[in-house]
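Have the coordinates open while you read.

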Amino acid sequence: MLRASIVQLVIESDRLNLLAPEVSYAEELHLLIEKSFQRLHETMRWAKEMPSLENLTAHLKQAQQDFESKDALNYLIQDKESQCIIGVCGFPRLDWSIPKFEIGYWLGTPYEGHGYMTEAVNALTHYAAENLGAKRIEIQCDSDNKASAKVAERACFKLEVVLENHRVNVQEKVSNTSVYKYIPHS
C-alpha cells in the first residue's frame, strides 16, 4: 500500500488554514459544537448527543494518531483573520492503494453561508490531486442533505450516482446516498 511520505500539517487557502488535529483545540472545538449542535444533530451521525469535553479530547487524540499513521487525514478549519476554529474537514476514508480519498466536512452554524466550506473542500481537493497523487476524490452525502450537495457542486464535483436505500440517516430512516466524484487530470 503506497502512502504519501510527507503529509502537510497545514494547508492554506485565501481565508483559511486547515490544521492537523491537536488536543489543544479541544475546548474551542467543544464550544463550536455547542453553538452548532442543533444543526449538527440534524445531519451528523456522531452528533446524536452533545459530546462531553472529555470524549471530544479523546476523539482528537485518536484523530492525531490516525493522522500520524495516515489512516485518516482530518483537519480543523481555522479562519485566518479571527484565528478561530470554524469547522472540520478532511479525508476520513481513504485508500492508498488507488489512491482514493473521500472528503467529509462540517461547519459551525455561525460560519455557514460565507463560502468557507467550498473554499476548504477546494483546498483539500487541490492538495490531494497535487501532493497525494489522488486518482479519485469523492464526497458522499445523504441525498436529503442539500447543503452538503451544494458544497460538492460548487467545488466542481459531479454527481456520479445516487445509491437508493443505501444508509440509515440520523433520523433512523432508510435514505439514499449521493456520490459526487472529482477525477484529477493525470
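Which residue stands opposite phenylalanine 101 in S6? The residue is isoleucine 137. Before going further, some housekeeping: this is a predicted model, where local features need pLDDT of at least 70 and side-chain atom pairs count only at pLDDT 80 or more, while totals for chains, interfaces and linings use all residues. Residues are numbered from 1 along each chain as its sequence is written, and side-chain values use heavy atoms, leaving out hydrogens and water.

**The sheet**

Eight strands make up an open sheet with mixed pairing, in the order S1-S2-S3-S4-S5-S6-S8-S7. At the edges sit strand S1 (10-12) and strand S7 (158-168), each pairing on one side only. From one strand to the next, the twist averages 25°. As for the terms, strands (E, at least two residues) and helices (H or I, at least four) are DSSP runs numbered from the N terminus, and two strands pair if DSSP finds at least two bridges between them.

| Strands | Sense | Bridges |
|---|---|---|
| S3 and S4 | antiparallel | six bridges |
| S4 and S5 | antiparallel | seven bridges |
| S5 and S6 | parallel | four bridges |
| S7 and S8 | antiparallel | seven bridges |

Leucine 76 has valine 88 in S4 as its bridge partner, and glycine 87 has leucine 107 in S5.

S4 joins S5 by a hairpin of four residues.

S4 is mostly covered, with eight of its 11 residues buried; buried here means under 20% relative accessible area, exposed means over 50%, and partly exposed is in between (1.4 Å probe, protein chains only).

**The helices**

Helix H1 (residues 26-43) lies across strand S3 (73-79), strand S4 (85-95) and S5, and runs at about 85° to S4. That angle is taken between N-to-C directions on a 0 to 180 degrees scale, using axes fitted to C-alpha atoms, for helices over the stretch in contact.

Helix H2 (residues 53-69) has 17 residues and spans 24 Å from its first C-alpha to its last, close to the 24 Å expected at 1.5 Å a residue. The expected span is 1.5 Å times one less than the number of residues. Which residues of H2 are buried? They are Leu56, Thr57, Leu60, Ala63 and Phe67. These residues cover an arc of only 115° around the axis, which puts them on the same side of H2; the arc is that of the directions from the helix axis to the C-beta atoms. The buried residues of H2 pack against H1 and S3, where contact means heavy atoms within 4.5 Å. Just after H2, lysine 70 takes a positive phi of about 65°.

**Rings and a buried glutamate**

How many aromatic pairs does a search of the whole structure find? There are six. Rings of Phe, Tyr and Trp (its six-membered ring) pair if their centres lie within 6.5 Å, and planes under 30 degrees apart count as stacked, over 60 as edge-to-face and the rest as tilted. One of the six is phenylalanine 67 with tyrosine 75, edge-to-face at 5.3 Å centre to centre and 90° between the planes. Both of these residues are buried. Tryptophan 96 and phenylalanine 101 have ring centres 5.3 Å apart and planes at 90°, so this pair is edge-to-face. Tryptophan 96 and phenylalanine 101 are both buried as well, and Phe91, Trp96 and Phe101 form one aromatic cluster.

Glutamate 102 is found in strand S5. Is glutamate 102 buried or exposed? Glutamate 102 is buried, with a relative accessible area of 8%. Not counting residues up to four places away in sequence, glutamate 102 touches Gly90, Phe91, Pro92, Arg93, Glu138 and Gln140.

Alanine 147 is partly exposed, with a relative accessible area of 35%. The C-alpha atoms of alanine 147 and glutamate 112 are separated by 9.6 Å, and these two residues are 35 residues apart along the chain.
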